[in-house]
Every structure is written in structure tokens, then in C-alpha cells.
Amino acid sequence: MPRRLFTIILGFILATTAVEIARAADQPAAESRAFIGAKRIPIGAPVIEEGVLVVREGRIVAIGPVGETRIPEDAWQVDVRGKVIMPGLVDTHSHIGGGWGGDSSAPIQPDVRILDSINVRDSGFQKAQAGGLTTLNVMPGSGHLLSGQTIYVKNKDGRTIEDLAIYDDAGKILGGMKMANGTNSHREPPFPATRAKSAALVRQKFVKAQEYRRKVEKGREDPEKMPERDLEMEALIEVLEGRWVVHHHTHRNDDIITVLRLAKEFGFKVVLHHVSEGWKVAEEIAAADVPCSIILVDSPGGKIEAMNLVMETGGMLERAGVLTAFHTDDPITDSRLFLRMAALGVRAGMSREKALEALTIAGAKMLELDHRIGSLEP
């Protein structure tokens, strides 16, 4: 059985993969495809017990109950009765592809791009496909205060990273900026050895970026005043101006508050990742209107900063009003087991509705891709 048809039978479909699904199943090309009879979980709308999903030229054009939803005459029809269809899963924090970000030369390296270091033939991509993951935020590691630029990818087969990359309307590859605090970046100079020094280094670098931006603005008026091009500063300006989201590794409650403080001071958009002690400061996170991407590690080991991680974090954040998504941090948690995150969250007090959103639309919102992915709707 072709792998992508098997993926449908498992119950995962994303509109943008419909054409490839049909080709993998050795079916003739058709403008429309109608998946008929399965239970639909649209996310953000009521469940349809026996529904129709129509895809045309790679996009969803209709979804509704059987008998009430028009099926185009030219549509290739797929009988999926007894199955479940929901949006493709979104992983907001992954390390598949074998890529590395910054090196040991400095603790802050915003010019580094993980896209220059990803092997698209890495088996991790197929492993993630097996788990129903269709969109990934692939990151550099957390051993730096700032380890480089992330990339948002569509988890399909490709020959180069450009085949997997998600682009904006202007053709720019989309991604964010990876930052971290806590003990991961504590080592010999030029790296910091304390939390206070870590924050000071970040603050100084953003102040420098603000100054560089002012010089650039003056240079636009007078070309002779244009500063020498600086890739680090250009990347941080993208962050300061809100074009890139900061994806921030943080565990301890005081580290979480430090991130919120810096985000407020410099005005950048941020998603908090891991937040092992997020349950201790859920109200503060909610007041800052900052989303959280969490992991529920159910195996022994890990770092001392995560010793107070609890399974109830998702439910606590939900009740505080915090937008919450799950992530794998693959290979920390296997991508094939991503659905288990929602099960663990529900078992520990999260609502079923928000747990499903945490696998799909919540992550899409954090990547600012919810207009394209994360739910089943035209």
C-alpha cells in the first residue's frame, strides 16, 4: 500500500499534500478529490460524524456532512468510511535533519541559518511523517543564548531543503529566531557563567541592533552615512520589527520571567518553549499574552532545570488563558509518538478540545501560519 495513501487511512490529511497522495496511489490526475464518509475533526468547528472533504488544486474548497456537501462531477472519490480525518499535526520545535547552528566562537549568533545545515534525506523526516506531522519548525540547538535562525518546513519528500521550505507571498523562506536561557549556555568565556550575565549579553546585543537600525535609517536619507553591512544586526532588526518570532528555550520560573522582561523591553514577539515551571507563573505568562509550546517528557533523565516539570502544565496554562501547543523536541520525544502528548495532557486535566488544538491550530498560530494550516476549512 503506498505510504501516502496509508497516511490517509491513518486519518491525517493536509490539503497541500492531496495531489501527492493521489499520485502515490497511482490514480489518474484530477482537478478535484473528495474524501467521503470519514469522521471529520475540523478543529475550531463541530465534529462531523460522517463527512465530505473536497480538495481542488491542492486546497480545501468544501467540508461538510455527507448528503449536504456538493461533490464536483470530475472529482476522484475516496471512500474513507470508518476512518478519522483531522488537520496535519504541527510541531513547533524539532531538531530533525541533523542540522547544527552556532559554534563555540560566541554565545549570540543571529546570522546563522539552520537551513544551511539540514539534510533533507535524514530519516527523521520519514519518522515524522509516520507520526502525522506535516509542518515542522526545525531549530538550532539551545547551547547558545541565541543559536540562529529556524526554518518552517512542509514535511514532504524533497531533494533539497528548498523543496520543503515554506515561503511567504514574496518568495522568502519563513522561519524564526532561536534563543535560550538557563544553564545550557553556561561555559567558559566568551560564554556566560551566570543567569545575570546571560541577560546582560542579550540586552547589549539588542541595544547594538537598535543603534544599527538608526544608522541604517540615516543611511537611507544620506547614502554616505549607511553603515557597513552586518548580517547579525540585519537578523536582529527582523526580530525587533516583528517580522521574525523568537522561539525561546526556557525552563525555570525565574528564567521564564526574564524572557518576558526582555520581550517587553525590546518589543519582540516571543513563544516560550518547554516552560517546565510554567505552571508556577501561568498568570504572569497570560498577562503578557505570550504563547507556550510545551513538552510532556514521560521518560527518565533530563536536566536539573526540568525537575519540576509536571503533566498538569497544559491544563494549568489552558485555565489561565494561555495559547498552548505541544512539541516533540525530537529526538527528545520521538515524532512518531506526537499524538501521545495530547493524551497525556488530557489525562492530566487539559480539555480534549484544547489538546487537539495544541497539536494543530495552536502551533500554526505560533508560527503565524494559521491562515494556511492547522484546521480543516476552505
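Biologist: Which residues of strand β10 are buried on one side, and which on the other?

Modeller: This is a predicted model, and in it β10 (residues 151-154) is covered on both faces. I151 and V153 are buried on one side, and Y152 and K154 are buried on the other. As a rule, the side chains of a regular strand alternate between the two faces of the sheet.

Biologist: Which strand pairs with β10, and in which sense, parallel or antiparallel?

Modeller: Strand β8 (residues 133-138) pairs with β10 over four bridges, in the antiparallel sense. Within that pairing, L136 has V153 of β10 as its bridge partner.

Biologist: Turning to the open sheet of six strands, what is the order?

Modeller: The order is β9-β11-β12-β13-β14-β15, and the pairing is mixed. The edges are β9 (146-149) and β15 (324-326); each has a single partner strand, so one side of each is left without a neighbour in the sheet. On average, neighbouring strands of this sheet are turned by 25° against each other, direction ignored.

Biologist: How many bridges join β9 to β11?

Modeller: Three bridges join β9 to β11 (residues 177-180), and the two strands run antiparallel.

Biologist: How are β12 and β13 joined, parallel or antiparallel?

Modeller: They run parallel, and five bridges join them. H249 has H273 of β13 as its bridge partner.

Biologist: And which residue in β14 is the bridge partner of H273?

Modeller: That partner is S293. β13 and β14 (residues 292-294) run parallel and are joined by three bridges. Between these two strands the chain crosses through helix α8 (residues 282-287), and this β-α-β crossover is right-handed.

Biologist: Where in the chain do F206 and F268 lie?

Modeller: F206 is in helix α5 (residues 195-221), while F268 is in the loop between α7 (253-266) and β13 (270-274). The two residues are 62 residues apart, and the pair links distant parts of the chain.

Biologist: Are these two residues buried or exposed?

Modeller: Both F206 and F268 are buried. With F266 they form one aromatic cluster.

Biologist: Which charged end sits over the ring of F191?

Modeller: That is the charged end of R187, which lies 3.7 Å from the centre of the F191 ring.

Biologist: Now the backbone: which peptide bond that ends at P190 is cis?

Modeller: The bond from P189 to P190 is cis, with omega near 15°. P190 lies in the loop between β11 and α5. The bond from D330 to P331 is also cis, with omega near 20°, and P331 is placed in the loop between β15 and α10 (339-347). In general, most peptide bonds are trans, and most residues other than glycine have a negative phi.

Biologist: What is the phi of D289?

Modeller: Phi of D289 is near 55°, a positive value in a residue that is not glycine. D289 lies in the loop between α8 and β14 and counts as exposed, at 69% relative accessibility. E368 has a positive phi as well, about 60°. E368 lies in the segment after α12 (361-366) and is partly exposed, with a relative accessible area of 36%.

Biologist: Finally, where is the place of G58, and is G58 buried or exposed?

Modeller: G58 is in the loop between β3 (51-56) and β4 (59-65). Its relative accessibility is 14%, so G58 counts as buried. The C-alpha atoms of G58 and E31 are separated by 8.8 Å, and these residues are 27 residues apart along the chain.

Technical notes:
Residues are numbered from 1 along each chain as its sequence is written. This is a predicted model: local features need pLDDT of at least 70, side-chain atom pairs count only at pLDDT 80 or more; totals for chains, interfaces and linings use all residues. Side-chain values use heavy atoms; hydrogens and water are left out. Buried means under 20% relative accessible area, exposed over 50%, partly exposed in between (1.4 Å probe, protein chains only). Rings of Phe, Tyr and Trp (its six-membered ring) pair if their centres lie within 6.5 Å; planes under 30 degrees apart count as stacked, over 60 as edge-to-face and the rest as tilted. A charge sits over a ring if NZ of Lys or CZ of Arg is within 6 Å of the ring centre and within 35 degrees of the ring normal. Two strands pair if DSSP finds at least two bridges between them. Axes are lines fitted to C-alpha atoms, for helices over the stretch in contact, and angles run from 0 to 180 degrees between N-to-C directions. A crossover is right-handed if, with the strands pointing away from the viewer, the path from the first strand over the helix to the second runs clockwise.
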